[in-house]
Amino acid sequence: MEELQKKEQSLAKTQDKLDKYKDYLLGRGKLSPSEQTMLEKYRKAFSWRCKGFSPQHVKQMLMQDEGTQYAQAARILQEATELYGRVEEIDKEGTKRILVENLYIAMSLAIKERDAHAVIASVKEIGKLSNVYTDQPQLNPADLMPKRQIVFNRVTVNNNYQSTPEENADTIELE
C-alpha cells in the first residue's frame, strides 16, 4: 500500500513538473533558460524515438550526448513520453505522412545529385503512400445496387376488365 502511494506521489510530482512545459508548448507560459535546455533534451529524446531508435538506445545516446547518468537519461525519456506521447501509438496515417516527408527530402537530394532513377523511385513511392495509384479493380455498378422486388398489376383497358390486385400481381426479382 505504501509503495503504491509513493508511486502516485512521484507521478504527481512529475506531472506538476511537466505542467509548465505543457503550458509553454500551448503558448500560455514562458520557460527559464535552464527549462529551455531541459525541453530541448525532451525533444531530442522524443525525436530519436520517432526515428525508430529503441528506448534503450535512446538512453545510451542521451548518456553520450548529454553526459548524463543512466537514471537521469531514463527519467528524461520517461518525461518526454509523458509530455509528447507514446511513439508506439502513432497512427498509421501519421507514420505515412512522416514517410512521405522523408521521401520528399530524398527526392530533393536526388534532384541535386541529378540521379533520375532515384527521383523516379521517390515519386513512385510518394504516389503509393499518397494513394495516387489504385491497384483495386473498379466495381461493377450492378454489384452496388441492392436486389429489389417489383410488382406489376395487369389491367385490361379495352374490355373494361378489372381484377383484384392479388389475381394479377406478377413479381419480378431484379439482380
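The model is a predicted one. Helix 6 itself comprises 14 residues, 116-129. From its first C-alpha to its last it reaches 20 Å, close to the 20 Å expected at 1.5 Å a residue.

Val 119, Ser 122, Ile 126 and Gly 127 are the buried residues of helix 6. Viewed down the helix axis, these buried residues fall within an arc of 135°, and therefore line one face of helix 6. An α-helix has 3.6 residues a turn, so residues three or four places apart point the same way. His 117 and Lys 128, on the other side of helix 6, are exposed.

## Aromatic pair between helices 1 and 2

Two aromatic pairs are present in the structure. In one of them, the ring centres of Tyr 21 and Tyr 42 are 5.3 Å apart and the planes stand at 85°, so the arrangement is edge-to-face. Because Tyr 21 belongs to helix 1 (residues 2-25) and Tyr 42 to helix 2 (residues 33-50), the pair ties together parts that are 21 residues apart in sequence. Both Tyr 21 and Tyr 42 are buried.

## Aromatic pair between helices 2 and 4

Phe 46 and Tyr 84 form a stacked aromatic pair, with 5.1 Å from centre to centre and 25° between the planes. This pair links distant parts of the chain, 38 residues apart: Phe 46 lies in helix 2, and Tyr 84 in helix 4 (residues 70-84). Tyr 84 has a relative accessible area of 28% and is partly exposed.

Note on methods: Residues are numbered from 1 along each chain as its sequence is written. This is a predicted model: local features need pLDDT of at least 70, side-chain atom pairs count only at pLDDT 80 or more; totals for chains, interfaces and linings use all residues. Side-chain values use heavy atoms; hydrogens and water are left out. Rings of Phe, Tyr and Trp (its six-membered ring) pair if their centres lie within 6.5 Å; planes under 30 degrees apart count as stacked, over 60 as edge-to-face and the rest as tilted. Helices (H or I, at least four residues) and strands (E, at least two) are DSSP runs, numbered from the N terminus. Buried means under 20% relative accessible area, exposed over 50%, partly exposed in between (1.4 Å probe, protein chains only). The expected span of a helix is 1.5 Å times one less than its number of residues. The arc is that of the directions from the helix axis to the C-beta atoms.
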